[in-house]
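User: I would like to learn how to read the features of a model such as this one. Please take them in turn, with the general idea before the case.

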Amino acid sequence: MARIELRNIVKTYGSHHAVHNLDLEIEDGELLVLLGPSGCGKSTTMNIIAGLDEPTSGQILFDGADVTGHSPHQRNIAMVFQSSLLYPHLSARDNIYMSLKRSGLSKPEIEARIAHAAQTVDVMHLLDKRPGQLSGGERQRVATAKAIVREPAGFLLDEPLSALDAALRLSLRAELVNLQKRIRTTMIFVTHDQIEAMTMGDRIGVMRKGRLEQIGTPTDIYNRPETLFVAGFVGVPPMNFLKGALEKADGRLWLVNPSLRMEITGEFAQAAPQKEVILGIRPHLMRLTEAGAAALPLTVYAIEQLGNEAIVICDEPGGGKIRVVASAGFSAAIGARLNATFDSAAARLYDPASERVLATSGKA
Amino acid sequence: MTSRNARTLWLVLAVAVALLWTFLPMYWVVKYAFMTKTEIARFPPMLYPHQPNLASFFNIFGYDYTLSDGTVFKASGQARQIMLGVRNSLIVALVVTIITTLVVVPLSYVFARLHFPFKGKLLAAILLSVSLPPVSTLIPFYTLYVQLGLTGTLTGLIIVTLTITIPIVAWMLIGFFRNLPPVELLARVDGFSRLYTLARIIVPMAKSGILVAAVIAFLFSWNEYVYAQILVTGSNAVTLPAAMSGFLFQVPEPAQLAASLLLSLLPPFCIAFFLQKHIAEMHIA
């Protein structure tokens, strides 16, 4: 268990920047999820934390001590790789034992640790089987036992669940979080699945093109995305975006586009007027309504029935798609005309040039 | 029901044709081994030996053999060559197998799993040497060997055979190693050195692939004829295929040729029999 710190980490492969000037702090006992699309640098970052990859420049600190030049073993990290990689020719017991082979512990101590780890993740009855004889979920558990048996400073997982089917993923997700809280280890979990990230992480770091876009609690990331990318990447169904201009009139701020004129209230009410902005609003925060100046005219494109609610996917006059959550069983013909509105205080405003959220006071 | 029967019938027929295709020529040779020269020369040919005898098997090892009717078959003049051939072929094949395996396992591992400059070009060089017909290097090797005094020696033959087995076996094993899961990552986290990882993790994991590779090296060496014919025929370093060819060219002895051929089939046959399981495993992998 350790507090892990990354200072100004840069990783380049030739002219390709895999990671740009990354600063990151992971608290002792925290579960941090690194989330991002493939190629965003999240796996590279994890490998650098693990010591499998060396950063081109920058420092890695474990509990304040510089470990940048240390091997994974010296850092005492444990790792679960994609598809819960294990040594295929060894039994589960020997796979777990390999984690301690270089530890210098005595035989009885090793035996006790293996038994304890196996009990923790409930794989005692699988110890004599080989990975080939185990199911996906069992392999995942054995890989976890192999990791925790070392009592690691950091427990790193690189998309361990991505190869499993959906139902199994769901139960293993909870199992891992439960385990992490029980043994209070510092855990870093890499995934491209935003639901996995939201459900597991104490904090989520969203990465894109080698940069950390935003880091924060799942609630923070969901409610207050700081960039357009985070806004669009996190959340199901995805956030709606509307283009328009911010204009000042009668001392109030208005979002104006050819089909909508809406007063901006709340957090962004004091933002500076500008020609182009993008407004983001979650589908759950929109509602169908009567026509009017503050209502957006829409054309039904498709309806997804989810049982507890319905998602109405519509074309908006500006050319984009807008999703509105309606009550379960809502029906309308494809091509039907609807109107939708929302409370502008719940919306977020972004600058299309910088792709970042607008400053809330007009001084920017 | 009838259509299923018809399908089974066709299947049986197809297998029968395939078996006949492979085994008829073999049978023809096996049959020769138990016949006399005059029986072989008869026309129309006998479909099976009417009075099978073991004369040729005794003759090739240097013993006279008397048939029940009193005819004596003299020991073959080639007997010494055949016995030397068996011994030499075994020595060459075993040494070649061991050296090939020792060289090829690390070589293929490095090519399959590590990244280094010029890897592609070096790999192409290995593949190129697989595609070279052995005869094309025969003359250069021969002139070189004459100057080095390596003609007619086992050492010379072993070196030349390695130039065939190493690239072809490396080519096989590179593919095999490539398909192994990336356990090197696990090994690094577990704190094992590269050498330990190769020797104690990769090799046990790749056991069946390495075994099959070794067998291929053995068979290539055991069957190697072209180099042996030019480099060692008539010397003390003669190998079995080269010695056997004596029955073909000098004094044609089809029965003895057939008998020694059967002899030469024994090791590959045994190997195939004992390693079936591993060979099948390698194909699945």
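Analyst: Start with domains: their bounds come from an automatic or database domain assignment. This is a predicted model. For chain A the assignment gives domain 1 (4-233) and domain 2 (240-350).

User: How many Å apart are the C-alpha centres of domain 1 of chain A and domain 2 of chain A?

Analyst: The two C-alpha centres lie 39 Å apart.

User: How should I read a helix, for example α5 of chain A?

Analyst: An α-helix has 3.6 residues a turn, so residues three or four places apart point the same way. In chain A, helix α5 covers residues 136-148, which is 13 residues. From first C-alpha to last it reaches 19 Å, close to the 18 Å expected at 1.5 Å a residue.

User: Is α5(A) largely enclosed or largely open?

Analyst: A residue is buried if 20 or more other C-beta atoms lie within 10 Å of its own. Ten of the 13 residues of α5(A) are buried, so the helix is largely enclosed by the rest of the structure. Among them are Arg139(A), Arg141(A), Ala145(A) and Lys146(A).

User: Which elements do the buried residues of α5(A) pack against?

Analyst: They pack against strands β6 (77-80) and β7 (154-158), and against helices α3 (92-98), α4 (107-120) and α6 (166-183), of chain A.

User: How do I read a sheet?

Analyst: Strands of a sheet pair through backbone hydrogen bonds, either parallel or antiparallel. Here an open sheet of five strands in chain A runs in the order β13-β12-β11-β14-β20, with antiparallel pairing. Its edge strands, β13 (260-263) and β20 (348-350) of chain A, each pair on one side only. Neighbouring strands of this sheet are turned by 40 degrees against each other on average, direction ignored.

User: Over how many bridges do β11 and β12 of chain A pair?

Analyst: Strand β11 (residues 240-249) and strand β12 (residues 252-257) of chain A pair over five bridges, in the antiparallel sense. Leu246(A) stands opposite Leu255(A) in β12(A).

User: Which residues have the most contacts inside the largest nonpolar core?

Analyst: They are Met79(A), Ala145(A), Leu156(A), Ile188(A) and Leu349(A), in a core of 153 residues. Helix α7 (residues 154-178) of chain B gives the most to this core, with ten residues. Leaving aside neighbours within four places in sequence, Leu349(A) is in contact with residues including Phe268(A), Val277(A) and Leu358(A).

User: How many residues does the contact take from chain B and from chain A?

Analyst: The contact takes 13 residues from chain B and 16 residues from chain A. On the side of chain B that touches chain A, α8 (183-189) and α9 (194-205) of chain B each supply at least two residues. The largest share of that side, five residues, comes from α8(B).

How values were computed. Residues are numbered from 1 along each chain as its sequence is written. Chains are lettered from A and ligands numbered from 1 in the order in which they are written. This is a predicted model: local features need pLDDT of at least 70, side-chain atom pairs count only at pLDDT 80 or more; totals for chains, interfaces and linings use all residues. Helices (H or I, at least four residues) and strands (E, at least two) are DSSP runs, numbered from the N terminus. The expected span of a helix is 1.5 Å times one less than its number of residues. A residue is buried if 20 or more other C-beta atoms lie within 10 Å of its own, exposed if 12 or fewer, and partly exposed in between; C-beta atoms are placed from the backbone. Two residues are in contact if their C-beta atoms, placed from the backbone, lie within 7 Å. Two strands pair if DSSP finds at least two bridges between them. Axes are lines fitted to C-alpha atoms, for helices over the stretch in contact, and angles run from 0 to 180 degrees between N-to-C directions. A nonpolar core is a set of buried Ala, Val, Leu, Ile, Met, Phe, Trp, Tyr and Cys residues joined through C-beta atoms within 7 Å.
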